[in-house]
Amino acid sequence: MTLLAAPALPLHTAGKYVAGAYIVFVVMLVVYLGIMTLRTRRTRRELSELRREVLERQAQAELDGPGLAPRSAEQPARVDPGRAAASPERGSASSEREAAV
Amino acid sequence: MSHGPTVRGLILATIVSTTAALALIFFYAPLDANQGFVQKIFYIHVPLAIVSLCGFVAGGLLAIGHLRTGERKWDLRSYVVIHLSLIFGITALLAGSIWAKASWGHWWVWDDPTLVSFLIVLLLFATYQPLRFSIEDPERQARYASVFAIVAAAFVPLNFIAVRLSQGFVHPRVLTLGGGNLPGPMRLTFLIALLAVALLFVTLCLFELQAKRTRIGLRRLRRELLGEDAVRPLGRSAAPS
């Protein structure tokens, strides 16, 4: 309230327009950040799903024995999904296609 | 998602400069003798418009990088920069419209060259996303979008020069190559506001780029670890790949 009463802020008729312009800016920013937060959350969820699936396959491969382990189940021990996803290298056209959404 | 020191530093600089800009706008910069309090909109409207136009040009330059090298990362950068420039441009247009209503009594006037030219540039770049969406093949999508971005970016300075050379000046001219007619405190406030908006733009660009790269990396990792069948197919999208 002290700020509103400050002499530098003559909030007469022009005040609502100035407030409107700045509110538009803030709203656009908040909407953008909200959308980005939702997308980041989805990426996190997918990452945790991937972790779980990799661990499940790893456990299954150990139960089946080394001779029966599928090719995909041999990889997880060498790659940390969290770190690898955060620093992707440049890949093929087909894999990079998936930047979408 | 973890952010590197560059992004963290940028976020900090953006917060500091934005706070400083707001403090200067409302508690330091004097009231305009002509327009009064309404002129405070200028400190957000003009930086947004400048950063948006610079972003469109930057998008075109990044698209040149894509056509020259063929690397998809340049297309991704160009897409993100143009995407954010559109958001900033729309915000500038809305803020300007509010200022026009307060100052001229109309939300929009068609006889002001600056307003109309900015709208034309914005509408031109608004077709960038539908263009991308209409092309399914990712290679062609990236190539055509780059060509469009370069041509549209070249249009920005041409448009700017044309407006400056036109006769019917209605829009206030407070920034010129000769220094303009802003007094010291107003100029300082404006420059800080411009810096804040520019930093915000760069920070958001890096944030979005990092988010998109992470998604690319995640899907690639899923394919490598679990095989092609574990990756859900993607539908058509305007986003680069």
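Please keep in mind that the model is predicted.

Let's start with chain A. Its secondary structure consists of four helices and zero strands, so the order along the sequence is simply α-α-α-α. Of its 101 residues, 19% count as buried.

Now follow helix H1 of chain A, residues 13-64, to where it meets helix H7 of chain B, residues 184-226. Two packed helices are described by the angle between their axes and the distance between the axes. Here the angle is about 20 degrees and the axes are 10 Å apart. Angles under 35 degrees count as roughly parallel, and H1(A) and H7(B) are therefore roughly parallel to each other. Their crossing is left-handed. On the H1(A) side, the residues making the contact include A:Met36, A:Thr43, A:Leu47, A:Leu50 and A:Val54. On the H7(B) side, they include B:Phe207, B:Ala211, B:Leu218, B:Leu221 and B:Leu225. Sorted by class, the contact holds 10 nonpolar, three polar and six charged residues.

Next, look for the largest nonpolar core, which has 63 residues. The members that touch the most other members are A:Ala21, B:Ile41, B:Ala95 and B:Ala193. Both chains take part: H1 of chain A supplies at least two residues, as does each of H1, H2, H3, H4, H6 and H7 of chain B. The largest share, 15 residues, comes from H3(B).

Leaving aside neighbours within four places in sequence, B:Ile41 is in contact with A:Tyr17, A:Val18 and A:Ala21 from chain A, and with B:Ala95, B:Ile98 and B:Trp99 from chain B. There is also a second, separate core of six residues, among them A:Leu47, A:Val54, B:Leu221 and B:Leu225. You have already met these four in the contact of H1(A) with H7(B).

Finally, turn to a pairing inside chain B. H2(B) and H6(B) pack at an angle of about 140 degrees, with their axes 8 Å apart. Only angles over 145 degrees count as roughly antiparallel, and H2(B) and H6(B) are therefore oblique to each other. The crossing of H2(B) past H6(B) is left-handed. From H2(B), residues including B:Leu53, B:Phe56, B:Gly59, B:Gly60 and B:Ala63 meet residues of H6(B) that include B:Ala142, B:Ser146, B:Ala149 and B:Ala153. This contact divides into 13 nonpolar, four polar and no charged residues, whereas the contact of H1(A) with H7(B) has six charged ones.

Notes. Residues numbered from 1 in each chain as written. Chains lettered and ligands numbered in written order. Predicted model: local features only at pLDDT ≥ 70, side-chain atom pairs only at ≥ 80, totals over all residues. Buried ≥ 20, exposed ≤ 12 C-beta atoms within 10 Å, placed from the backbone. Axes fitted to C-alpha atoms, helices over the stretch in contact; angles between N-to-C directions. Parallel < 35°, antiparallel > 145°, perpendicular 65-115°, else oblique. Left-handed = near helix turned anticlockwise from the far one by under 90°. Contact = placed C-beta atoms within 7 Å. Nonpolar A, V, L, I, M, F, W, Y, C, P; charged D, E, K, R; others polar. Core = buried A, V, L, I, M, F, W, Y, C linked by C-beta atoms within 7 Å.
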